[in-house]
Amino acid sequence: MDDAVKEVEILLVEDNPTDAELAIRALKKNNFANKLVWVKDGAEALDFLFATGAYSGRQ
């Protein structure tokens, strides 16, 4: 079994900046925020997931 830790990308969907900041701080404190993307609503999250709109250049 491979014991290497895989790096993951976290998509945080939160419309409240204060709540987002609290979540980001908690993730950073526990070293989980290396690849974190914060979007503010479901439409933006779908653009990110399907690489459309503002995220059309994402692979």
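**View 1. The whole fold, from a predicted model.** What you see here is a predicted model, not an experimental one. The protein has 2 helices and 2 strands. Follow the chain along its sequence and they come in the order β-α-β-α.

View 2. The C-alpha trace spans about 40 × 30 × 15 Å along its principal axes. For 59 residues, a compact globule would come out with a radius of gyration near 10 Å, but this protein has 13 Å.

View 3. Of the 59 residues, 15% are buried. Now for who touches whom: take the contacts between residues at least 6 apart in sequence, and 51% of them join residues at least 24 apart.

**View 4. The charged side chains.** Count them up and you get 7 positive and 11 negative side chains. The centres of these two sets lie 5 Å apart.

**View 5. Both ends of helix H2.** H2 covers residues 42–50, and Asp 41 caps its N-terminal end. Zoom in on the cap and you'll find a side-chain oxygen of Asp 41 sitting 3.2 Å from the backbone nitrogen of Ala 43. Hop to the residue after the helix and you meet Ala 51, which has a positive phi, near 55°.

Technical notes
Residues numbered from 1 in each chain as written. Predicted model: local features only at pLDDT ≥ 70, side-chain atom pairs only at ≥ 80, totals over all residues. Heavy atoms only, no water. Helix = DSSP H or I, 4+ residues; strand = E, 2+ residues; numbered from the N terminus. Rg over C-alpha atoms; globule rule 2.2 N^0.38 Å. Buried < 20%, exposed > 50% of the residue type's maximum accessible area, 1.4 Å probe, protein only. Contact = heavy atoms within 4.5 Å. Lys, Arg positive; Asp, Glu negative; His and termini not counted. Charge placed at Lys NZ, Arg CZ, Asp CG, Glu CD. Polar contact = N/O pair within 3.5 Å; in protein donor to acceptor, adjacent residues only side chain to side chain.
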